[in-house]
Amino acid sequence: GILDPSEQCDDGNLSNADTCLTTCLDASCGDGFVHAGMEECDDGNAANNDACLNDCTIATCGDGIIHTGVEDCDDGNAISGDECQPTCTVPTCGDSFADPGEECDDGNLSDDDACLNGCISAVCGDGIVHVGVEDCDDGNAASGDECQPTCTVPTCGDGFVDPGEDCDDSNLSDDDACLNGCISAVCGDGIVHVGVEDCDDGNLSDNDACLTMCLDASCGDGIVHFGVEACDDGNDADDDGCETNCVLTSCGDGILDLGEDCDDSNNIDGDGCPANCILPS
């Protein structure tokens, strides 16, 4: 414990972990002894690329010094996208960092998620089924095959006309040009095509309220609507046997028809017009 002229220090103990070594020299970084509280490590060499740096700190990723055999690189920062990743590895597809030239990088080898193995974002039409997002993916934009351009399986109502469909307007309306079964609306299908048909009773009868042309039956259309009209000659003449209101001509209806000399709207004799609408000769 007594300092002699040849000694730098003398603490009277045999510990090399304090400020005075057993050789009575002051402890220092590089002497091969870890000075507790002052040094993290001390490997006693001048190499700066091993586990203990020359300043007696433990080598870590991000210290700017490449730890040989442990790190590929070390640029002293935690930034990805440059020449060295925050993990001290050289950038590569699959390292979980999206680097320049990569659309994505999810760090796995699965090709059915949002990021393909080539670090390209999965999109409809790339030929790979994105599980949970796409039903199918045939790698083309053609409709009418087994997979639509929207990467869905063909079905009536998807907006694409597929084999076996007349049409497909992608809606659930049955009163437009395309019925819900992907069949084109036609007169006689029993469904009224709004704006095109007045009616559609689904039959070929012309003597009911809806004609076979899908027009509402009306007086003057030339077709007798049974139970509603007595006649219908399709013209505006009142003297031809069928009145303009689609009732049969008769004496006493107030209309002078062919074969009548007069018609005073009654069937009374002695008032100037006989009940048979024929004047005495």
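**Surface.** I began with the accessible surface of this predicted model. The protein exposes about 16,000 Å², and 56% of that area belongs to carbon and sulfur atoms. Areas come from the Shrake-Rupley method with a 1.4 Å probe, and for residues only the protein chains shown count as cover.

**Ground rules.** I noted that residues are numbered from 1 along each chain as its sequence is written, and that side-chain values use heavy atoms, with hydrogens and water left out. Local features need pLDDT of at least 70 and side-chain atom pairs pLDDT 80 or more, while totals for chains, interfaces and linings use all residues.

**Overall form.** I looked up the radius of gyration, taken over C-alpha atoms. The protein has 51 Å, whereas a compact globule of 281 residues would have a value near 19 Å. The globule rule is 2.2 Å times the number of residues to the power 0.38. Along the principal axes, the C-alpha trace spans about 175 × 35 × 25 Å.

**Secondary structure.** I found zero helices and zero strands. The assignment uses DSSP runs: H or I of at least four residues for helices, E of at least two for strands, numbered from the N terminus.

Of the 281 residues, 26% count as buried. Buried means under 20% relative accessible area, exposed over 50%, and partly exposed in between (1.4 Å probe, protein chains only). I then checked contacts, meaning heavy atoms within 4.5 Å. Among those between residues at least 6 apart in sequence, 7% join residues at least 24 apart.

**Cys 210.** Cys 210 is buried at 4% relative accessibility. Beyond residues up to four places away in sequence, Cys 210 touches Cys 199, Asp 200, Asp 201, Ser 205 and Leu 215. I also took the C-alpha separation from Val 186: 14 Å, for 24 residues along the chain.

**Asp 257.** Asp 257 counts as buried, at 5% relative accessibility. With neighbours within four places set aside, its contacts are Asp 238, Asp 239, Glu 243, Thr 249 and Ser 250. Thr 87 lies 170 residues from Asp 257 along the chain, and their C-alpha atoms are separated by 109 Å.

**Glu 134.** Glu 134 is buried too, at 10% relative accessibility. Outside four places in sequence, I listed Val 123, Cys 124, Gly 125, Ile 128, Val 129 and Cys 151 as its contacts. From Glu 134 to Asp 176 is 42 residues in sequence and 30 Å, C-alpha to C-alpha.

**Positive phi.** I noted Cys 88, a non-glycine with a positive phi of about 60°. Cys 88 is buried, with a relative accessible area of 4%. Ser 265, also not a glycine, has a positive phi of about 70°. Ser 265 is partly exposed at 48% relative accessibility.

**Cavity.** My search of the whole structure gave one cavity of 30 Å³ or more. A cavity is a set of points, on a 1 Å grid over the protein atoms alone, where a 1.4 Å probe fits but cannot get out; lining residues have an atom within 4 Å of a point. The largest cavity holds about 30 Å³. Volume is the space filled by probe spheres set on the points, which are joined across faces, edges and corners. Its lining includes Cys 156, Asp 168, Asp 169, Cys 178 and Cys 182.

Key. 1 Å grid on protein atoms, 1.4 Å probe; cavity = no way out; pocket = protein on both sides within 12 Å on 5 of 7 lines; lining within 4 Å.
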